[in-house]
Structure formats: structure tokens, C-alpha cells
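Here is a short note on the chain shown below. The points go from the overall layout to two individual residues.

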Amino acid sequence: MSRLLDVEKKILQEMKKDYPSFKQGDIIRVWYKIKEKDKERIHPIEGVVIKIQGQLHRKSFTVRRISYGEAYEVSFPYYSPFIEKIEIVTPSRRRPRRKRLYYLRKRIGRKAMIA
């Protein structure tokens, strides 16, 4: 078992990224590379982090955004080579009491923000 952890930690060191530490409830902006045929562009996605799961190289997070009245959620692998950078727009003022902020799905507008 410990040998498996050593291999995973070695893989993690190779994939090391310089992201700021963020947690559930923070509003972040993720610059994500999108390939379209022979072109490549960077698309910023901004929203509330509603879920962080996994550990080591399997870590991922989900960002939720409401745009033009429609809500969408995007899940990103933390160590994806397509993520250009991550920026914290607004840190959460208070620490949420839950690990997964699924209750934000039922809320609309300013109520969907964490006070």
C-alpha cells in the first residue's frame, strides 16, 4: 500500500501546478484552453466552487455559474493540462458548514451567493 502512495506522490510532483488555494464557496475564474479544429483559444469561466473532491492526482472541483437565467456547472480535473490559470475573484466571507454546496442549486439570484 505504501508503495502505491509513493508512486502517486511522484506523479503529483511531476504535475505540480501553482494554483492559489481555494475552498468551497469561493468565487473563482478558471482560464480553460479549448481546441477547435486547428485553433486554440482560452475561455474564462467564473463561478462559485460548489464541490472539491478527491485527493492527490485525482483531485477535481466543480464551478457553478448562472448566466442569462440559465445555470450551468463545469467540473475540472485539478491537474488538467488544459487549465491555463486559476484566479480567486472573491473569497467566501464565512466558512460554509458543508463540504458540498448543492443547496445553491435551488436558489436564484443574490440568494445563491454565500453571505
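**Notes on the predicted model**

1. From the N terminus on, the elements run α-β-β-β-β-β. The chain thus labelled has one helix and five strands, where helices (H or I, at least four residues) and strands (E, at least two) are DSSP runs numbered from the N terminus.

2. This is a predicted model, in which local features need pLDDT of at least 70 and side-chain atom pairs count only at pLDDT 80 or more, while totals for chains, interfaces and linings use all residues. Residues are numbered from 1 along each chain as its sequence is written, and side-chain values use heavy atoms, with hydrogens and water left out.

3. Of the 115 residues in the chain, 30% are buried; buried means under 20% relative accessible area, exposed over 50%, and partly exposed in between (1.4 Å probe, protein chains only).

4. Taking contacts (heavy atoms within 4.5 Å) between residues at least 6 apart in sequence, 56% join residues at least 24 apart.

5. Asp26 sits in the loop between helix H1 (2–14) and strand E1 (27–36). Asp26 counts as buried because its relative accessibility is 2%. Beyond its neighbours within four places in sequence, Asp26 contacts Gly47, Val48, Val49, Thr90, Pro91 and Ser92. Between Asp26 and Val48, 22 residues apart in sequence, the C-alpha to C-alpha distance is 5.7 Å.

6. Arg98 lies in the segment after strand E5 (83–90). Its relative accessibility is 52%, so Arg98 counts as exposed.
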